[in-house]
Amino acid sequence: MLFRSGTDLAIVAYLVRELLTTGGCDERYLSDHVHERDLEVLRAAVDEWTAEQASEVTGCDVRDLHDLIDKAKAEPRKLSIAHGGTDFEILPITEYGARK
């Protein structure tokens, strides 16, 4: 999936919104490790990032964004990352954040 340079956070916001609103999160983990107030702040911050909004900002097709969320739910601990549009890595989400 190709997207406009500098708009990757719009995709992340869309993913977070969808996972929080459609039950794609590990609710037990969230309740054990995240304060409810912080979770509500996060929900409010990503609330506007529907597939349509993310599509408008990123240039991605809405269907591709829906496919992305389906893949994220199918393999919840993995994330595909493209560097320079040519090579891909599959990393656990937590590992990706640590490598940045």
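Helix axes here are lines fitted to C-alpha atoms over the stretch in contact, and the angles between them run from 0 to 180 degrees between N-to-C directions. The structure shown in these figures is a predicted model.

**Figure 1. Helix 1 against helix 4.** The axes of helix 1 and helix 4 cross at roughly 170° and come within 9 Å. Angles over 145 degrees count as roughly antiparallel, so helix 1 is roughly antiparallel to helix 4. From helix 1, the residues Ala10, Ile11 and Tyr14 take part in the contact, and they meet Ala51, Ala54, Val57 and Thr58 in helix 4. Of the residues in this contact of helix 1 with helix 4, six are nonpolar, one is polar and none is charged.

**Figure 2. Helix 1 against helix 5.** Helix 1 (residues 8–21) packs on helix 5 (residues 62–74) at an angle of about 60°, and their axes are 10 Å apart. That angle makes helix 1 oblique to helix 5. The crossing of helix 1 past helix 5 is right-handed. On the helix 1 side the contact is formed by Ile11, Tyr14, Leu15, Glu18 and Leu19; on the helix 5 side it is formed by Leu65, His66, Leu68, Ile69, Ala72 and Lys73. The contact of helix 1 with helix 5 divides into eight nonpolar residues, one polar residue and two charged residues. Ile11 and Tyr14 are among the residues of helix 1 that meet helix 5, and both also meet residues of helix 4.

**Figure 3. The two sides of helix 4.** Helix 4 spans residues 51–58, and its buried residues are Ala51, Ala54, Ser55 and Thr58. These residues lie on the same side of helix 4 because they cover an arc of only 105° around the axis. Glu52 and Glu56 are exposed on the other side of helix 4. The cover over the buried residues of helix 4 includes helix 1 and helix 5. Among these buried residues, Ala51, Ala54 and Thr58 also meet helix 1. Gly59 follows helix 4 and has a positive phi, near 85°.

Figure 4. Gly23 is found in the loop between helix 1 and helix 2 (27–33). Its relative accessible area is 55%. Residues over 50% count as exposed, so Gly23 is exposed. The C-alpha atom of Gly23 is separated by 9.2 Å from that of Lys73, although the two residues are 50 residues apart along the chain.

**Figure 5. Leu42 and its contacts.** Leu42 lies in helix 3 (residues 36–46). With a relative accessible area of 36%, Leu42 is partly exposed. Leu42 touches Val16 and Leu20, leaving aside residues up to four places away in sequence. Leu42 and Val16 are 26 residues apart along the chain, and their C-alpha atoms are separated by 8.7 Å.

**Figure 6. The whole chain, for orientation.** The protein chain has six helices and two strands. Read from the N terminus, its elements run α-α-α-α-α-β-β-α. Of its 100 residues, 24% count as buried. Among contacts in the chain with a separation of 6 or more, 52% are between residues 24 or more positions apart.

Definitions and conventions. Residues are numbered from 1 along each chain as its sequence is written. This is a predicted model: local features need pLDDT of at least 70, side-chain atom pairs count only at pLDDT 80 or more; totals for chains, interfaces and linings use all residues. Side-chain values use heavy atoms; hydrogens and water are left out. Helices (H or I, at least four residues) and strands (E, at least two) are DSSP runs, numbered from the N terminus. Angles under 35 degrees count as roughly parallel, over 145 as roughly antiparallel, 65 to 115 as roughly perpendicular and the rest as oblique. A crossing is left-handed if the near helix is turned anticlockwise from the far one by less than a right angle, and right-handed if clockwise. Contact means heavy atoms within 4.5 Å. Ala, Val, Leu, Ile, Met, Phe, Trp, Tyr, Cys and Pro count as nonpolar, Asp, Glu, Lys and Arg as charged, and the others, Gly among them, as polar. Buried means under 20% relative accessible area, exposed over 50%, partly exposed in between (1.4 Å probe, protein chains only). The arc is that of the directions from the helix axis to the C-beta atoms.
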